[in-house]
Every structure is written in structure tokens, then in C-alpha cells.
Amino acid sequence: MTTFSAGFTGRPGRGARNARVPPGQYVTYDFPVLSAGPTPLIPLDTWSLEVSGDAGVVRRWSWDEFRGLDAEQVTTDLHCVTRWSKLATNWTGVPVDALLADVELDGTFVIASSYGGYTTNLPLDDLLDGKAWVVFEYDGRPIEPEHGGPARLLVPHLYLWKSAKWIRDLRLQARDAPGFWEQLGYHNHGDPWREQRHWGD
Ligand SMILES: Nc1nc2c(c(=O)[nH]1)N[C@H]1C(S)=C(S)[C@@H](COP(=O)(O)O)O[C@H]1N2
Ligand SMILES: [Mo]
């Protein structure tokens, strides 16, 4: 276990490295907002979360139904491809395992789609076994709209562009297909420990 103290890590190339911070990243204490478009405002009475596949929508939760699911607390580090990392962030959310339990769909790839049109692609395996959540609280409060509220995907072991804000649908597919940033040259997988930032990394 690595202990972390303020001032120990700094900008790249300055001082000792924190083993908790992936290569090429620096630690930030604020919480930058990175959005490719405007923040969609989604009234909770029209919000829903879906699981879909080639056959269409196979699961749908209203906000109240979603909030009735068992949720857990998650404390995790975030790594953005623009090189900031934020350590020990606190979220509350529903494990994707629970959302996909009993879903009988073929497909080993997932397209996460958001209100507002953003998409990102992931192998199904990267969303299972306690590695991903649909979160609705940050630091014990509803997630601010600019950070993805009412609910966002959280996949902290990959660069943060995979954590789709304003999540609306998880679509299972047999074939992989690049999402928004992946089509624009970001790496298809996005593992921060392997510095999978761009195509060819
Ligand atoms: N819907 C949606 N989700 C998104 C984005 C976006 O533009 N739209 N940006 C991604 C990127 S590039 C990053 S780094 C994180 C930023 O999350 P934050 O704004 O909460 O820091 O959200 C990701 N999820
Ligand atoms: Mo990002």
C-alpha cells in the first residue's frame, strides 16, 4: 500500500513519483470538467436507464426504480487522458454487474450512450466483476450536472473518457465499434497504466 501525502507528488518530472499515479499523469486536487458539448439537463421524471441489444431494449429503469437497486460506496482514483489524476474520489452507485445480471444478450462489447449523444465503447469484461458502476452521488451528494448527474458510468481502471456522463443506455453488441473519442483518435481501450492514450499507443 502506497501512502500519499500532499506535496509529495507534483507535475511530471518534479520529485518522486507516486506509485499510485500512472505514467505521464500529475495529481490534481480540484475536479476539472471535460465535456464535448453542453450539459444536458434531464428531469428525473423523464430519465431512464436502459440495457439494449440487437433485439432492442431488454431492461429499463425509471429514476425511482434505479434508486431502488442496491447501491455501494466506491472510493477510487480517476485518470484523465489530458494528464490529470484525482485520487480517492468517493461515489455511490449501482454495480454494472447488477444491471446486467440475468440479461440474456449475446455480445462481448458494449456501447455506452449518453443523453446529449456522447458514446464510448468498452469490452463487456471491463464493465463486470466489480470494475464499473452507474453512480449517482459524489461525496455523498447528487452528482453535479457538469460532472454527469443525474447518473454517470464510472469505469475507473480506464481513462476517464470511458466514464460516460449522463448515461442513458448500455448496448451489448457482438462486434466492437468506436465511440465518440475513439473515432477521433483516442485509443480503443484506454488503460492508463499502459498509457493507451491514442491510436497506436
Ligand atoms: N456524456 C459525456 N460523457 C463524458 C464526456 C463528454 O463529453 N460527454 N467527456 C469524457 C471525458 S473526456 C472525461 S475526461 C470525463 C470528465 O469527467 P468530469 O467532467 O466529471 O471530470 O468525462 C467523460 N465522459
Ligand atoms: Mo478526458
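Start at the lining of the second largest pocket: 10 nonpolar, one polar and three charged residues. Here nonpolar means Ala, Val, Leu, Ile, Met, Phe, Trp, Tyr, Cys and Pro, charged means Asp, Glu, Lys and Arg, and polar means the others, Gly among them. This is a predicted model; local features need pLDDT of at least 70, side-chain atom pairs pLDDT 80 or more, while totals for chains, interfaces and linings use all residues. Residues are numbered from 1 along each chain as its sequence is written.

A pocket is an open set of points on a 1 Å grid over the protein atoms alone, where a 1.4 Å probe fits, with protein on both sides within 12 Å along at least five of seven lines; lining residues have an atom within 4 Å of a point. Volume is the space filled by probe spheres set on the points, which are joined across faces, edges and corners.

This second largest pocket holds about 170 Å³. Select Leu44, Trp63, Pro142, Ile143 and Pro150, the closest to its centre among 14 lining residues.

Next, the largest pocket, about 480 Å³. Select Leu34, Ser35, Ala36, Tyr118 and Trp181; of the 28 lining residues, they lie nearest the centre. The lining has 19 nonpolar, seven polar and two charged residues.

Now show the open sheet, five strands in the order S3-S2-S11-S6-S7, with mixed pairing. Strands are DSSP runs (E, at least two residues), numbered from the N terminus; two pair if DSSP finds at least two bridges between them. S3 (56-62) and S7 (119-123) are the edges: each has a single partner strand, so one side of each lacks a neighbour in the sheet.

Finish on S2 (48-53) and S11 (167-173), parallel over three bridges. Valine 51 stands opposite leucine 170 in S11.

Note on methods: Chains lettered and ligands numbered in written order. Heavy atoms only, no water. Helix = DSSP H or I, 4+ residues; strand = E, 2+ residues; numbered from the N terminus.
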